[in-house]
Structure formats: structure tokens, C-alpha cells
Amino acid sequence: MSVSPERRPAELRLLYAVGRLDRAIRNELQAGLEPLGISRPQYATLTMLRARSGLSSAQLARRASVTRASMTQVLAALVDRGLVDRAPSSDHRKILELTLTEDGHAVTAQCDVVADAIEARMLHEVPEGQRTDLLDLVRTCVRNLDAGFPDR
């Protein structure tokens, strides 16, 4: 008995494969970051601040698709470790702008080594010439679901 394409088992669906990949990346990243004392949400926050210094907690929460309360906890841990500084905005004194400290840049670079190793393992059998295409396709999928990566 053959299975029609409309009734394929879940393990053959792209959604399932992407979900498995997401879980594997999360697990690998958390395991790799643990010795550095950094969580996945903390690493994501550090990379967002490296890319755009001076964001507020609310802006970071929106970019990370987490609640303000969750972002507050993440930032408190990063500030306590001296990885992030808070300073009043020059435009709005009640808004605190966040920036990476020198230690924050150093820790983010250490985390990047972990992420680079995971990406290298993940892409091991993907030809160099197809890696950019793969990234472009994934970004398109993310945009199509309104999950980030605004149009360029």
C-alpha cells in the first residue's frame, strides 16, 4: 500500500525536519554555552546588542520575541556579570540603553566559537556553493511566517 503525498508520515514533512533541526541546534548550543555560564537567551541578547548597541529592554524583548519580564531576567544576569551596561538615553531619560562591555564583547566572541563549531558540523556535507542559497531560503521562510528578517 503506497502513501499519497498528501498523507506522508510526519517524519517526511519539511516542518518535522526543520523542527528536529531546531531542537538539535538548541540542545547543542545550550550544551556548548554551559561551560561559559551563558544561556541561549543570553547569547541571543549579547549578539543583538553587538549588532545594534543602545537598544532598550523593550526593543530587545520584541526582537527576541520574548516577554519584557523574560528579557528583564536575562538582562539582570548579564548586567550582574558585567557583560552589559545600562545608561539613561540622551533622548528619553527614563529609558535605559544597553551596551556590551569589553567583557561582554569577549564572552560573545567565545560563544561565537561554539556556534561556529555547531554550524560547521551541521553544514559538513552541504557544498560551499549551496550554503548561501540555503541561508537565503531559510530567511525567506522566516519572513513568510512574519518571524523576523524584514525585507532588505
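This is a predicted model: local features need pLDDT of at least 70, side-chain atom pairs count only at pLDDT 80 or more; totals for chains, interfaces and linings use all residues.
The side chains of Glu28 and Arg121 form a salt bridge, 2.7 Å from N to O. This pair ties together distant parts of the chain: Glu28 sits in helix H1 and Arg121 in helix H5, 93 residues apart. Glu28 is partly exposed, at 34% relative accessibility.

Next, select helix H1, residues 14-33. Its 20 residues should span 28 Å at 1.5 Å a residue, and the end C-alpha atoms are 28 Å apart, so the two agree. Which residues of H1 are buried? Colour Gly19, Leu29 and Leu33. Look down the axis: the buried residues of H1 fall within an arc of 100 degrees, so they line one face. They pack against helix H2 (40-51) and helix H5 (102-122).

Stay on H1 and pick Asp22 and Arg26. They lie 4 residues apart, about one turn of the helix. Their side chains meet in a salt bridge of 3.0 Å, N to O. Why can they meet? An α-helix has 3.6 residues a turn, so residues three or four places apart point the same way.

Move to the largest nonpolar core, which has 23 residues. Ile38, Leu46 and Leu60 have the most contacts inside it. H5 gives the most to this core, 5 residues. Zoom in on Leu60: its contacts include Met48, Leu75 and Leu98.

Finish at helix H6, residues 128-144. There, Arg131 and Glu128 form a salt bridge of 3.2 Å, N to O. Glu128 is exposed at 61%, whereas Arg131 is partly exposed at 24%.

Key
Residues are numbered from 1 along each chain as its sequence is written. Side-chain values use heavy atoms; hydrogens and water are left out. Helices (H or I, at least four residues) and strands (E, at least two) are DSSP runs, numbered from the N terminus. The expected span of a helix is 1.5 Å times one less than its number of residues. Buried means under 20% relative accessible area, exposed over 50%, partly exposed in between (1.4 Å probe, protein chains only). The arc is that of the directions from the helix axis to the C-beta atoms. Contact means heavy atoms within 4.5 Å. A nonpolar core is a set of buried Ala, Val, Leu, Ile, Met, Phe, Trp, Tyr and Cys residues joined through side-chain atoms within 4.5 Å. A salt bridge is a side-chain nitrogen of Lys or Arg within 4 Å of a carboxyl oxygen of Asp or Glu.
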